[in-house]
Amino acid sequence: MPSSLHMLPGAPWIAHHDGSLRVEQVPLQHLADTHGTPLYVYSRGAIEAAARAWSDAAGGRDVALRYAVKANSNLAVLSVLAELGWGFDIVSGGELARVLAAGGDPAKTVFSGVGKTDAEIAAALRAGVQCLNVESDSELRRIDRVAAQLGVCAPVSLRINPDVDARTHPYISTGLRSNKFGIPQALARRVYTECAQLHHLRVVGIACHIGSQITELGPYLDALDRVIDLVRDIEHHGVTLAHIDLGGGLGIRYADETPPRPADLLGALFARLDGAGLGQRPLLLEPGRSVVGNAGLLLTEVVTLKSTLERHFAVVDAAMNDLMRPALYEAWQDIVAVRPRDGAQARHYDVVGAVCESGDWLGRERLLDLREGDLLAVLSAGAYGMAMASNYNTRPRAAEVLVDGDRAHLIREREAVAALFAGEHIAPR
Ligand SMILES: *Cc1c(COP(=O)(O)O)cnc(C)c1O
């Protein structure tokens with residue numbers, strides 16, 4: 001193969017160089033030799049570029065960026081974003097602990113989620129989070145009670161459910177009235193009024209989050225219109241909302257999607273907000289996937305090639321426990337050879353893992369020319385990849401590496417098998 005630099009679409013940080021794939025300046029073959037597979041590989045430059053696309057899009061407006069930790073919660077990733085001045089959106093006490101351990105600022109952290117426990121609420125209040133995004137009237141009273149016990153006043157923002165269709169996969173749609181999320185729009189004013197009677201609460205805003213992998217502006221604008229109506233109604237009744245939080249959800253390109261860029265989204269949102277006279281109101285956003293999704297890949301080795309009467313299978317050493325999106329949402333992620341062959345033996349392979357489930361596949365019908373031992377890269381794996389990994393089939397979770405120029409940092413060690421049952425006990429007879 002001639003010496004060439006061939007960039008993959010949408011991911012300029014990953015390119016073929018002399019016939020072999022590199023992340024920034026580090027060859028993937030070298031990473032596999034050093035750290036083994038399966039291995040998650042992230043590009044620091046790509047994370048920073050995606051984060052800058054958001055901060056540049058803010059263009060001097062009062063926009064507070066709160067990275068949604070659940071997309072990829074590795075401490076190194078959180079620390080890169082904390083250094084860029086980002087805050088965080090968390091959905092559990094565990095994520096709060098991660099933010100603090102990574103040097104994140106609790107005063108720039110918002111706490112979302114439908115089932116916050118007393119202990120989680122107390123930890124968040126003690127840490128001094130920016131606000132709790134409240135999802136029901138009963139949670140509101142719970143927060144008031146916990147705050148009273150601690151002798152503090154809890155900053156709260158109500159997450160409303162605007163009943164709009166994000167037009168994404170049903171499992172990642174969260175803004176329909178049939179979903180479990182948020183306070184129904186019709187009840188929002190009543191719940192805001194209730195806040196006035198609870199003395200350990202301070203209302204700081206209004207929030208919504210309508211879903212994930214959103215590839216159109218329409219659903220965002222529909223949600224914003226409902227939020228604007230509510231802000232007017234609620235403020236008319238004497239409650240002031242210091243900020244408006246429109247959540248996360250912006251999609252990325254996995255195949256041929258053409259999601260709006262952060263600048264397109266913010267431009268459209270500010271046009272509406274300005275039109276409604278709310279353009280000066282601080283705006284919070286909680287992007288996750290769009291910050292890290294295309295900044296990571298999953299590196300895996302072909303263990304076995306196997307053909308049945310019906311199909312060709314490439315069994316690889318990564319599986320649904322490492323990357324669940326294909327099994328869970330039938331998600332499509334590109335799969336490329338680290339060192340592509342000449343194509344003479346190319347076949348349509350189902351790329352599958354070794355887990356005992358027929359749903360355990362990473363890609364179907366992929367035209368690849370493979371031999372056992374070849375390395376494959378599953379692209380666009382930076383978000384909801386490692387974060388959703390499990391130990392199903394007693395498979396240790398993968399290691400993670402962050403590439404920075406010509407250096408590669410191990411940011412999570414490969415799990416040891418013994419650690420998987422270290423906390424288990426055989427019961428006496
Ligand atoms: C998941 C989630 C996000 C982030 O969504 P992305 O699609 O990753 O941008 C933001 N806010 C809340 C409340 C969430 O649950």
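What is the handedness of the crossing of H7 and H8? The exercises below work through this and other features of a predicted model.

**Exercise 1. Describe how H7 packs on H8.**

Solution. 
- Step 1: The handedness asked for above is right-handed for the crossing of H7 and H8.
- Step 2: Helix H7 covers residues 185-197, and its axis comes within 10 Å of that of H8, crossing at roughly 30°.
- Step 3: Angles under 35 degrees count as roughly parallel, so H7 is roughly parallel to H8.
- Step 4: From H7, the contact takes in Gln185, Ala188, Arg189 and Tyr192; H8 supplies Arg226, Leu230, Asp233 and Ile234.
- Step 5: Sorting these residues of the H7 and H8 contact gives four nonpolar, one polar and three charged.

**Exercise 2. Work out the arrangement of H8 and H9 and the make-up of their contact.**

Solution. 
- Step 1: H8 spans residues 218-236 and H9 spans residues 262-275; their axes are 10 Å apart, at an angle of about 30°.
- Step 2: With the limit for roughly parallel set at angles under 35 degrees, H8 and H9 are therefore roughly parallel to each other.
- Step 3: The crossing in which H8 passes H9 is right-handed.
- Step 4: On the H8 side the contact residues are Tyr220, Leu221, Leu224, Asp225 and Ile228, and they meet Leu265, Ala268, Leu269, Arg272 and Leu273 of H9.
- Step 5: By class, the contact of H8 with H9 holds eight nonpolar residues, two charged and no polar.

**Exercise 3. Classify the packing of H2 against H3.**

Solution. 
- Step 1: The axes of helix H2 (residues 44-58) and helix H3 (residues 75-83) lie 11 Å apart, and the angle is about 45°.
- Step 2: That angle makes H2 oblique to H3.
- Step 3: H2 passes H3 in a crossing that is right-handed.
- Step 4: Arg44, Ile47, Glu48 and Ala51 of H2 are in contact with Val77, Val80, Leu81 and Glu83 of H3.
- Step 5: The contact of H2 with H3 divides into five nonpolar residues and three charged, with no polar ones.

**Exercise 4. Locate the backbone exceptions at Pro38 and Arg167.**

Solution. 
- Step 1: As a reference, most peptide bonds are trans, and most residues other than glycine have a negative phi.
- Step 2: The bond joining Thr37 and Pro38 is a cis peptide bond, with omega about -5°.
- Step 3: Pro38 sits in the loop between helix H1 (28-35) and strand S5 (39-43).
- Step 4: Arg167 is not a glycine, yet its phi is positive, at about 50°.
- Step 5: Arg167 belongs to the loop between strand S10 (154-161) and strand S11 (183-184).

Notes: Residues are numbered from 1 along each chain as its sequence is written. This is a predicted model: local features need pLDDT of at least 70, side-chain atom pairs count only at pLDDT 80 or more; totals for chains, interfaces and linings use all residues. Side-chain values use heavy atoms; hydrogens and water are left out. Axes are lines fitted to C-alpha atoms, for helices over the stretch in contact, and angles run from 0 to 180 degrees between N-to-C directions. Helices (H or I, at least four residues) and strands (E, at least two) are DSSP runs, numbered from the N terminus. Angles under 35 degrees count as roughly parallel, over 145 as roughly antiparallel, 65 to 115 as roughly perpendicular and the rest as oblique. A crossing is left-handed if the near helix is turned anticlockwise from the far one by less than a right angle, and right-handed if clockwise. Contact means heavy atoms within 4.5 Å. Ala, Val, Leu, Ile, Met, Phe, Trp, Tyr, Cys and Pro count as nonpolar, Asp, Glu, Lys and Arg as charged, and the others, Gly among them, as polar.
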